[in-house]
Amino acid sequence: MIDNAVPDTEPRRFAVIPDAKTAALFESIVVNANDVVLVTRAEPVDLPSGGPEVIYVNPAFTRMTGYEPHEIVGKTPRVLQSPKTDRRELDRLRAALKAWEPVEVELLNVHKNGQEFWVQINITPVANAKGWYTHWVAVQRDITHRKHREIAVQTMLANTSDLVIILDHQRQVASVSPTSEQLLGAAGAALTRRAFLDLVHPDDSYRAGVLLTATPGLRLGRSAITELRLRHTDGEWRWFEVSVADLDTSGADPRSSLVLACSDISELKLTELELEESNHRFRSAFDDAPIGMAVTSPTGEFIQVNRALTELLGRDEKTLLTMSVQDLTHPDDRDPAERHRRSLLRGVTDRRRHETRFLHADGAVVGILHSSSVVPDGVDGAGMLIDHIEDITDRKAFEAMLQHQVLHDTLTGLPNRALLVDRLGQTLNATRGATPAVAVLFCDLDRFKAINDTHGHQAGDGVLTEVARRLRAAARPSDTVARLSGDEFVVLCLDSTAEQATAAATRILAALKPPIMIGGTEVFVSASIGIALAGPEHISTSELLRDADDAMYAAKEQGRNRSSVYDKALCTQVRTRAQLESDLLKGIREGQLRLHYQPEMSLADGEVVGLEALVRWQHPSRGLLMPGDFIDLAEETGLIIDLGAWVLGEALREVGRRHATGATPPVVWVNVSAYELRSPDFAATVQRALDEHQVPGSALGLEITESVLMVNLDRARATLIKLRATGVNLAIDDFGTGYSSLSYLAQFPVDTVKIDGSFTAGLDDNARRRESFAVVNAVVGLAHALKLRVVAEGIETASQAQSLHGLGCDFGQGYLLGRPSEQGTPNKILPPLSSPDHRAEAR
């Protein structure tokens, strides 16, 4: 044996052979040890023999290797090594032996029977009391079972698609499967020796700790499973289903290694989270929806209801879940509601929407817009129904109100034209082919415009409302009273003869007779009523209404405040007048009107001092119409305003044209209607017309009839003052016909009085001469006293002219002096008239 010394300067790492007593104790321990104890000489490893010589093995050696002690003593331990043992472990062993250092290696050996087994060998050099190495002591332990397990684990790690992590007893990563690079973005080397909890999401640390510290006996041979988030190198967290098992399946070692099998469930978890979020959103949307929502069974029972539905129906959730949709539906709506539900369940449609009525807990009827859709169960297709139950009570009420407004007059509440025409049309259609016993009474208030003009439109509305009330009271319950427009009303009488219709008209006229109190003022109204009876010739409602309208105009022609039954001949005249009204509006707009001028002359010297503008209508089919043919019509229809504006403008244009020729035209006189005079803006309108045509006010004269002035003295006086301020001349026309006091003349700012032509004509009439002379004499005397001009109208004879001149009348006009013409040219100038003693004539 070769003794090898170790320099004193080196630290010694060896065992010292004990004394005899201690050696005996060690021998007993070695002999009875479970592990193999093998002692070799302290020889270099590179001897030709191949290594140190075995000098002792304990009994455990035979149990482990199958060799008896004499079969190995004197030989090298290399006889036990398998050619498949890890060369790296052998190299590490040789390096340690050469350096005389202790070493632990794991080697693959061969049993005497040829079976391979794994051993863990701890080799330590042994020195004597002098410190010289004398032996190697090797302690061997059979680790075949563990190595097989580790090999199986490594094979599993290499071949699994999941992430497998091996944790040591300190719960640090011992090894990981190659999939770690794919699933966590890091290779095994980057994860080894890291604490597993460092990889776990902080919120999952508790669950991970419970998983790792579970009682070994409870997880032996079993799996404990939880879901954890592990950090990826990109900073994101990946979800894994983690199961844990002990490598030591015996469960005897609480510090054994753990195997974590981690299945990537990130996609599944994302889907679950999205589903959970979707369910949460649905639940939130369901519970917090502003309209009622419910999940119902195919038979209509409530499965789930939201808060809005409980509030809508006045029942709590518990109560509703004991009920069905049919229980809540209005009895009259149950059959159609069930038809809708069955069509859904049969698959006719996948959703249905209809309006119905539900019953509130207090018995009130709730208008509902009920929408249902099917949620299939994948088996027979009929799973559940999702119901949207929207409260439309207010909407239905609003629609009813709108429908009422559409079909009824806003002011009076009566049916309007649309509803009247609909009812009349239904009646005529129902009696088609037979003579229907239907009468239409067309009622138009007489002179209603004057009420509006005098008392205001608010008062007019009050009158219309009261008239509507009286018409309803006078009509039968089966009759329809409607307001067409303005002051036009229609009463539709069913099952009515001509006599019954006339009696109805009589009741209406009587009902309108008492005065209507408006703001403390009594207002009297009357109506003209046209009656038309339905006949076979009436194939439309418009024809029947037209005939009643024509009959109403006939009643007006007959003096108003009466009724008239439709007569074809009479109503043809009325229709002609109506056509004339339409033509007049068109004629004004299309320039069919003409102005003729009649000269006003001095009775003293025959000088033309004025021209009266008189309107003519050049009708396209009826020829030239005089004012008497259309002025009354214009006043009745309100077209007099447009007509008057045209006359004023055209007269001023004529003045402008004559000024342009260098002539000094006489004053042009224009007649003013009552409608124009009542307008508060009339004076301003005249001023604008003067300014537009650049004509001074002195060139224009306005004639206002005496009767118009006497209607409202104060308003007439105020308007005349405004007109006088424009510089125009003012005349009272037809003076003497209004039976007014002559003292009123002093109250108006006029400069001319025109004696009506009836008094002029009376000067030649023996029966009226004395009266006419007296009137003319009084008017002339008063007018001159007030420094007013006097013009006599209608002079047709020389004797009339002579008498007027003799009575002191200043001016005159009439056919004797000149007929109306486009230029206003007078007749041959009369010689100066003498001034006889008119008092003798008067006698």
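**Exercises on a predicted model**

**Exercise 1.** Work out which strands stand at the edges of the open sheet of five strands, and why one side of each is left without a neighbour.

*Solution.* First write down the order of the open sheet, which is β18-β19-β17-β22-β23, with mixed pairing. Next look at the edges, where β18 (480–485) and β23 (562–565) each have a single partner strand, so that one side of each has no neighbour in the sheet. Finally, neighbouring strands of this sheet are turned against each other by 20° on average, direction ignored.

**Exercise 2.** Describe how β17 is joined to β22, and find which helices pack across these strands.

*Solution.* Strand β17 (residues 438–445) runs antiparallel to β22 (residues 527–533), and seven bridges join the two; in one of the pairs, C443 has I529 of β22 as its bridge partner. Helix α19 (residues 498–512) lies across β17, β19, β22 and β23, at about 165° to β22. Helix α20 (residues 541–557) also touches β17, β19, β22 and β23, and its direction makes about 140° with that of β22.

**Exercise 3.** Decide whether H330 counts as buried or exposed.

*Solution.* Locate H330 in the loop between α13 (325–328) and α14 (334–345). Its relative accessibility is 13%, and because buried means under 20%, H330 counts as buried. Leaving aside residues up to four places away in sequence, H330 touches R357, F358, L359 and V365.

Technical notes. Residues numbered from 1 in each chain as written. Predicted model: local features only at pLDDT ≥ 70, side-chain atom pairs only at ≥ 80, totals over all residues. Heavy atoms only, no water. Pairing = 2+ DSSP bridges. Helix = DSSP H or I, 4+ residues; strand = E, 2+ residues; numbered from the N terminus. Axes fitted to C-alpha atoms, helices over the stretch in contact; angles between N-to-C directions. Contact = heavy atoms within 4.5 Å. Buried < 20%, exposed > 50% of the residue type's maximum accessible area, 1.4 Å probe, protein only.
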